[in-house]
Amino acid sequence: MTKRHALIILYAVIVAVILGVLAGWFMGPFALKFSWMGTLFLNALKMVVVPLIIAAIISGISSLGDIRKLGKPGSATLIYFMATMMISATVGMILTEILNPGQDFHLTSATAEVNINQSVSMGDVLLSLISPNIVASATNFEILPLIVFSMIFGAALTVVGEKGRLVTDFFESLNNIMMVIVGWVMFLSPFGVFALVSTPIAEAGGGDAVIATFNAVGSYMGTVFVGLIIQSMLLFMLLYLLSGRGLAYLRNMIPALITAMSTSSSSATVPLSMDCAKNSGLAREPIRLVIPLGSTVNMNGTALYQGVATIFLAQVYNIDIGFGDHFLIALTAAMAAIGSAGIPQGGHVMTLMLFSVVGIPAEGFGLILAVDWILDRARTTLNVWGDLVGAALIDRLMYGKNKGFDA
Amino acid sequence: MLRKWFETKLWKRILIALILGVIVGTLIGDAAENIKWIGDVFIKLIRMIVVPLIFVTLVSGVVAMGSPKKLGSIGIKTMALYLGTTAIAITIGLFLAAIIQPGNGVSITGGDPQHLEAAMPLGERMMNIIPSNPVAALAEGDILAVIFFALIFGIGIMLAEEKAKPVAAVMDSAAEVVLKITHLIMEVAPFGVFALIAAVAGTKGASALLDVLPLAATIIAGCLLHVILTHGGLIRVVLGLPAIRFFKDIIDAQLVAFSTSSSSATMPVTIAVAEDNLGIKSSVASSVIPLGATINMDGTAIYVGVVAVFTAQSFGIDLQLGDYALIALTTTIASIGTAAVPSASLFLLAGVLGVMGISADQTAIVVGFLLPFDRPLDMIRTTVNVTGDLAVCTAVATWEGEIDRAEFRRDPNV
């Protein structure tokens, strides 16, 4: 994809968001006629994900040459994920304590059914990392076991060395092919984004209905939004101070961020994130390793959301949260984000688990579920932004000795 | 003895097995059910190879074309021919049924009404062509989705050029491997065909056909006409190739199609026949045939045309010229849409009867009437479908200059 194409798509996607909101807001049912374009775009994105992630990680690791070289960038990546998620949850909690949105909340309004009664143990989380049948995992779109397997496979390739040349070359070239296909999917993005933005608004019943829902839990939603904005600015500062990249990097990432916002799926966004990162001139290792891994385990937005939701509901139910509990919540939220990757509907299960730590009744979850579709989109955007900042940091700290600034 | 067996041409061995199957099946009757498993083993072997075969041969075929332009030109010709031959097939079916009038005075209330579940709407089916997970599409054997992904993947390899060399090499050698496996499986064919045919002849008996002789005769006549006039004509008149040679070359595929009554199960054989006997380059064969196996249904179109008119006649509905045109148009278009649905012909039939204004209950009666002897007719339909795929493939290959005429004229070497 040329620079000019990338620029055209950037503007087209921004226009698509605006048109999508307008169409969903004012035209209602008519906008639903275009929902198939969203499905098409989402399917096309997902079509690329499984082969791309496998090829990217295997070729990324095998190109390190020696698996021991993974140690430093690998641990730096994990530390970055863990630290930013804990900061994120803390930002959410502090903000909620200050704004106090749960103070005058009326319990009766806007509750939705809660029908999740799974419980998850640490053992389940660890078990979900290793798949007994990797093809079955690929079939069922279980990304985390695929990543783990690809890492093991890549590590084995580096040990085999010259004798594995053929396989290394194969995955390197598979990665190139999938990236060519991603370039084509990019051209669908304006249409897909338009439909994905307009459909849920229209389904909710158009603009008036959306406003009505917002009014019910508006203070809570406002808190989440403010938190997300604060955290993305913190990440931006981190990006600017540590990697020397700035607004130009952010601008290059807009197609990926908007796709995250409209699909509310970080794994479906991986192909576009990788493409955008490539256009920004990141080295291959951070692109191929940090972004896929980040998409499943690094969830800044989700951690922040859980922080806000927990404190908000504690305020609603008049539960006292001590100083130590805050730390516990931050840690649990960060761990939960990592753990939820391998579990279906993981986000909800983990949020419930967090509530039970503090002693919030499960019905409380119903309160906030009604507006979850829009918050989900917002927090996915932050999740992806966190991955992209992480990729830039690792690129700068570990690989990019000479190229810190946007070309 | 063993040596002699392997020296005999495969199609002769299959033909002998088929005739033996009919004789043995008729003699031992229901007991033939006991050897059906041999046939099932054969079908399973073929099905085992279908998905990898389509994927790797299509990818390597697309890469071999060298440019997306070539792919587009092949694609347009293929679609035009598939639609064209299907339209001719349904016209033949309608025409014959209108002349022979198999439905006059026939009471079709005898069978148990069979209700069909509604097929997926067209939009959703079209959406499903894009797999949201290619691995899942392969695992579920979703042929159209596999074709779509293989096309995209092949073009991706083409455009990534040097950087994609290793993957292209793997696909090429994998394509060779699966074709070799297909040849191995074909050695089992005579036994499989024998068992399948014996089971049909034994359990259904030739008598099943007698109940509906006029209808069946009309359909068979239509199929013969279509194969000789349309397919033969396309080969002989349009392409200027020897038609007899063509039919001799493809008899393996026809026999397997006849005994398995599944064009997708026959596909490995169809591709092998196209490449080895007809001398068609793999880039054309591997892209045209899998598509044809899912969307090209000449035999089915004839069947639907005849049954539609038959139904109208037995319910005493008067069909006008416009109605015939409508039936032809619906069938041609719907034959693409019903592609991935199992027992597609029934859905196609239900759709067409619906267009004619026949109620769901009446449709159920018709289907119930037809089902008991659907199998022998299905065998004939499938043979015509596969013949159509090969005829179209030959035409496209000839126009693209991707056929080895010497190989076409040589005796089959399988």
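1. Start with a helix pair in chain A. On α11(A), the residues A:S266, A:T269, A:S273 and A:A277 make contact with α17(A). Their partners on α17(A) are A:T380, A:N383, A:V384, A:D387, A:L388 and A:A391. Sorted by class, this contact of α11(A) with α17(A) holds four nonpolar, five polar and one charged residues. Keep in mind that this is a predicted model.

2. Next, the geometry of that pair. Helix α11 of chain A covers residues 266–279, and helix α17 of chain A covers residues 372–399. They pack at an angle of about 40°, and their axes are 11 Å apart. That angle makes α11(A) oblique to α17(A), because angles under 35 degrees count as roughly parallel and those from 65 to 115 as roughly perpendicular. The crossing of α11(A) and α17(A) is right-handed.

3. Now chain A as a whole. Its secondary structure is 17 helices and zero strands. How does its radius of gyration agree with that of a compact globule? For 407 residues, a compact globule would have a value near 22 Å; chain A has 21 Å, so the two agree. The C-alpha trace of chain A spans about 65 × 50 × 45 Å along its principal axes.

4. What share of chain A is buried? Of its 407 residues, 51% count as buried. Take the contacts in chain A between residues at least 6 apart in sequence: 86% of them join residues at least 24 apart.

5. Turn to chain B. It has 21 helices and zero strands. Buried residues account for 51% of its 414 residues. Among chain B contacts between residues at least 6 apart in sequence, 86% link residues at least 24 apart.

6. Where do the chains touch? On the chain B side, 23 residues are in contact with 22 residues of chain A. Four elements of chain B give two or more residues to that side: α5 (122–128), α6 (134–140), α7 (143–160) and α8 (165–186). Which of these elements gives the most? The answer is α7(B), with seven residues. By class, the side of chain B that touches chain A has 17 nonpolar, four polar and two charged residues.

7. Helix α4 (residues 68–100) of chain B packs with helix α15 (residues 282–295) of chain B at an angle of about 35°, with axes 11 Å apart. The crossing of α4(B) and α15(B) is right-handed. From α4(B), B:I74, B:T78 and B:Y82 take part. They meet B:V284, B:S287, B:V288, B:L291, B:G292 and B:I295 in α15(B). The contact of α4(B) with α15(B) has six nonpolar, three polar and no charged residues.

8. Finally, look at helix α13 of chain B, residues 251–260. Why is α13 of chain B described as largely enclosed by the rest of the structure? Because nine of its 10 residues are buried. In α13(B), the buried residues are B:D252, B:A253, B:Q254, B:L255, B:V256, B:A257, B:F258, B:S259 and B:T260. These pack against α2 (10–28), α3 (36–65), α9 (189–203), α14 (263–276) and α20 (374–399) of chain B. After α13(B) comes B:S261, with a positive phi near 45°.

Methods: Residues are numbered from 1 along each chain as its sequence is written. Chains are lettered from A and ligands numbered from 1 in the order in which they are written. This is a predicted model: local features need pLDDT of at least 70, side-chain atom pairs count only at pLDDT 80 or more; totals for chains, interfaces and linings use all residues. Axes are lines fitted to C-alpha atoms, for helices over the stretch in contact, and angles run from 0 to 180 degrees between N-to-C directions. Angles under 35 degrees count as roughly parallel, over 145 as roughly antiparallel, 65 to 115 as roughly perpendicular and the rest as oblique. A crossing is left-handed if the near helix is turned anticlockwise from the far one by less than a right angle, and right-handed if clockwise. Two residues are in contact if their C-beta atoms, placed from the backbone, lie within 7 Å. Ala, Val, Leu, Ile, Met, Phe, Trp, Tyr, Cys and Pro count as nonpolar, Asp, Glu, Lys and Arg as charged, and the others, Gly among them, as polar. A residue is buried if 20 or more other C-beta atoms lie within 10 Å of its own, exposed if 12 or fewer, and partly exposed in between; C-beta atoms are placed from the backbone. The radius of gyration is taken over C-alpha atoms; the globule rule is 2.2 Å times the number of residues to the power 0.38.
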